[in-house]
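The sequence and structure are shown first, and the points follow in numbered order.

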Amino acid sequence: MALPARSFQSWRAAVAPGESNAALCRRTGIKRSTLAQQIVRGKVSEITVVRVARAYGKNPVEALSDFEEYADLLSGPWRPTTAELISQVSYVCILKMILARATQEGPAGPEGPDLAGFGHGNAIRSWFEAVDPGDLRQRLSAKSGVAPQNISAQLSAGRLAPELAVEAARIAGVSLPGGLVAIGLVTPDEAGWPQGGQEQALASLSDSELVLLARDRLDYLGKIMKKLEHDNENELTLLENLG
């Protein structure tokens with residue numbers, strides 16, 4: 001979607017009064033050419049708003065809600081569901097929890113072992129599937145005008161446009177900032193997610209639920225790795241044929 005440049009200019013004038021484009025870019029780390037191109041095109045990306053908000057001490061979620069396109073971002077449920085929290089936990093963290101239970105290592109409290117520091121390459125798709133009531137792709141397509149296969153292609157590529165993430169959350173009836181967390185636009189803290197919420201949600205699962213969750217995550221990871229290996233083999237074969 002991106003945001004109207006005129007709205008951005010009005011917003012930034014209120015957030016950073018008197019700041020020139022050069023000063024704003026130095027403070028945010030945004031390239032001057034990038035900002036200039038966005039303004040000339042009349043569309044400013046959401047990440048630009050987020051970076052400006054952070055640089056000037058404003059919560060990014062609240063900043064986006066200042067724009068008409070995201071005016072309802074702070075309305076509705078704010079706390080993520082347990083399924084959303086678990087969707088953002090990597091398979092490495094799940095295996096750590098299983099191992100900690102099996103060996104009785106780590107604290108006995110709800111936090112369990114330290115699960116921080118691991119990236120989750122399938123976070124967007126996992127979140128989408130966690131909030132999907134069963135027909136989310138079709139309803140999101142009808143609402144946004146984006147074809148279901150294009151939505152699936154974005155999810156398979158590990159991305160989802162911010163407006164689609166928020167619209168998906170609207171349709172699913174979950175916290176609107178949750179989609180922005182899943183796509184990496186804002187952090188869990190910025191979206192008001194509870195401290196240690198992911199660890200506690202994972203700790204609430206039974207041993208069998210943990211194992212089945214790990215199985216599903218590893219099964220998907222295996223399919224991705226197999227596809228990559230197949231693609232690499234095809235590339236090598238092509239190079240060999242080219243001599």
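1. In this predicted model, the buried residues of helix α8 pack against α6 (82-87), α9 (136-144), α10 (148-156), α11 (162-172), α12 (176-182) and α14. Helix α8 itself spans residues 123-131 and is mostly covered, with seven of its nine residues buried. These buried residues are A123, I124, R125, S126, W127, F128 and V131.

2. One of the partners of α8 is α14, the helix that runs over residues 207-242 and contains L239. With a relative accessibility of 56%, L239 counts as exposed, because the cut-off for that class is over 50%. As to their spacing, an α-helix has 3.6 residues a turn, so residues three or four places apart point the same way.

3. Confidence should be kept in mind when α14 is read. Its mean pLDDT of 84 is where confidence in the chain is lowest, whereas helix α4 (residues 46-55) has the highest, at 98. Over residues 107-111 the pLDDT is below 50, and this stretch has six contacts in the model beyond near neighbours in sequence. For the chain as a whole, the mean pLDDT is 89, and 93% of residues reach 70 or more.

4. How many disulfides does the count come to? The count is zero, where a disulfide requires a pair of cysteine sulfur atoms within 2.5 Å. Are C25 and C93 buried or exposed? C25 has a relative accessible area of 5% and is therefore buried. C93, with a relative accessible area of 3%, is likewise buried. Both classes follow from the cut-off of under 20% relative accessible area for a buried residue.

5. On the overall architecture, the chain contains 14 helices and two strands. Its C-alpha atoms fill a box of roughly 60 × 60 × 40 Å, taken along the principal axes. Among contacts between residues at least 6 apart in sequence, 68% join residues that are at least 24 apart.

6. On burial and surface, 40% of the 243 residues of the chain count as buried. The chain exposes about 13000 Å², and carbon and sulfur atoms supply 52% of this area.

Key. Residues are numbered from 1 along each chain as its sequence is written. This is a predicted model: local features need pLDDT of at least 70, side-chain atom pairs count only at pLDDT 80 or more; totals for chains, interfaces and linings use all residues. Side-chain values use heavy atoms; hydrogens and water are left out. Helices (H or I, at least four residues) and strands (E, at least two) are DSSP runs, numbered from the N terminus. Buried means under 20% relative accessible area, exposed over 50%, partly exposed in between (1.4 Å probe, protein chains only). pLDDT is the predictor's confidence in each residue, from 0 to 100. Contact means heavy atoms within 4.5 Å. Accessible areas come from the Shrake-Rupley method with a 1.4 Å probe; for residues, only the protein chains shown count as cover.
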